[in-house]
Amino acid sequence: MMRSIAGVSCAVVLLALCASSVAGAAAAAANAAAGDTTGKSAKEAVAKPDQDLEPFPAAKSIHQAAVIAGKRLDYVVTVGSVTLKDAAGKTTGEVVYTAYTVPGATRPVTFSFNGGPGAASVYLNLGALGPKKIEFGRDGDTASGSASLHDNPNSWLGFTDLVFIDPIGTGFSRSRVDEEQTKKNFLTAEADIHYLSEVVYDWLVQNNRMTSRKYLIGESYGGYRVPRLAAHLQTEIGVGISGITMVSPALDPPALGAKDALSPLRWAINLPSMAAGYYERQGKPLDDASMAAVELYSRTEFVTDFLAGRSDKAATDRLVTKVAALTGLDPGFVRKLDGRVDVMSYLRESRRAEGRIGSFYDSNVTAFDPFPASAEPDSLDPILASSAPFEEAITQFVVGEVGWKVTARYYTNNFDLSRKFDRDDKDSPVTDLRKAMAVDPNMAVTIVNGWNDLACPYFASRLVLAQLPDFGGSGRAKLHVYPGGHMFYARPESAAAFRRDIKSTYSPAP
């Protein structure tokens, strides 16, 4: 399931399309190869004839408890599925969810989506929001590491019920139509929004929760999903959304993918995250104040010198000197690139003396470089390569603890689906974000990023928010940036700050 780091894309684990844009042609090649890696079994998770599938069991619930924010909380965990049907009443797909609810209280409900497309909801479930979690995202993590669950002190269950949704082809969710119809029904950016909105609606109706306050959270490509889901639910389905949270979102894929001769955007957007990784290695604090000068340079002098072109020696000299100082890379190496440092070169060269390579998702989580003398990097991403405990933990939890007995495989990352999915790179989800905010002045909007993320860099979120109208008042959409990378919540301090910041956006019950 794991791809070469040279071709890692946000299409794998929380994995939004922005990273495939950053990695460029190498990522496209890796995604194509990923289909061969997962083989026939991944394709069957997307589409398999009805007669070959055993029926899913009925929803199963058990009672559990966890200590969250210092207090014991009793709750019910339910695993079940929502059946999708066409106009003729034929079953087209079954979407599996894991829900955590606290009985006897009037509470909001939050629907959670991960990215890819092709990643299941397990990362936000067992990594950030759910009442139980595993440890991950640190140096020294391995694929054979512990998959044991323990109480999550930073779970959101203390202030909202949680429903984690696995899109078709991820987790245990599956299509019930042939490959051509599967593509049409589920594997386009537009169809993705339509059927997932149906799932949200159906869950609300089935569980008598239509009058609850409703929130959405999405990570990476999930952050691309939720503004569009909010707009579609508001205007087409008749479901109001009280707030959305976009975690390390893919908000402007075309900007990150621009490789033409004139655009400085991808370089300017990546540079602050590269600097953040270097600052952290030096022990410098990371906050808005310490990064302000880097951000100012990236959108002013860097752009001016970049557009002056390589023929302007003075501009190139300034670019090389400044970029080398901000990234900690050897000035001679930076000069070979004329100050235009790509992500993969940064991740490798910043650790070359140690014989290690950083992760696309957090540059300060590293692993040994298996081919340190090779001209081209050829290694597994240190974070992705350690994701097996997630799959082990969620399978044991659903099948073993909850007792929702299935014989299928749980797809944490479905690379074949990612390869087949038709992304809409021509439009940004910010279009729908603007529309959703414009029609509902009460909807809370929050974007959260990690300083060290090179998959979906935080500076892209900063620039996007700077372009939004004020919608009648400043601060409608808020950005929080935390120490760490794409999955900054792997760090306990960042997870605690994340919970605190988001809890304040959940308005009190009317």
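Author: Start with helix α9 (residues 288–299) and helix α10 (residues 301–308), which pack at an angle of about 30 degrees with their axes 3 Å apart. Angles under 35 degrees count as roughly parallel, over 145 as roughly antiparallel, 65 to 115 as roughly perpendicular and the rest as oblique, so α9 is roughly parallel to α10. From α9, the contact takes in Y297, S298 and R299; from α10, E301, F302 and V303. Contact means heavy atoms within 4.5 Å. By residue class, the contact of α9 with α10 divides into 3 nonpolar, 1 polar and 2 charged. Here Ala, Val, Leu, Ile, Met, Phe, Trp, Tyr, Cys and Pro count as nonpolar, Asp, Glu, Lys and Arg as charged, and the others, Gly among them, as polar. The axes are lines fitted to C-alpha atoms, for helices over the stretch in contact, and angles run from 0 to 180 degrees between N-to-C directions.

A word on the source. This is a predicted model: local features need pLDDT of at least 70, side-chain atom pairs count only at pLDDT 80 or more, and totals for chains, interfaces and linings use all residues. Residues are numbered from 1 along each chain as its sequence is written, and side-chain values use heavy atoms, with hydrogens and water left out.

Now the whole chain. The protein chain has 18 helices and 14 strands. Both are DSSP runs, numbered from the N terminus: helices are H or I with at least four residues, strands E with at least two. Of its 510 residues, 61% count as buried. Buried means under 20% relative accessible area, exposed over 50%, partly exposed in between (1.4 Å probe, protein chains only). Among contacts with a separation of 6 or more, 73% come from residues 24 or more positions apart. The accessible surface is about 19,300 Å², and carbon and sulfur atoms hold 53% of that. The areas come from the Shrake-Rupley method with a 1.4 Å probe; for residues, only the protein chains shown count as cover.

Next, the backbone. S248 has a positive phi, near 45 degrees, and is not a glycine. S248 sits in the loop between β10 (243–247) and α7 (253–257). S248 is buried, at a relative accessible area of 0%. D338 is another non-glycine with positive phi, near 55 degrees. Its loop runs between α12 (331–336) and α13 (343–349). D338 is partly exposed, at 22% relative accessibility. Last, the peptide bond from G116 to P117 is cis, with omega near -5 degrees. P117 belongs to the loop between β4 (109–113) and α3 (122–129).
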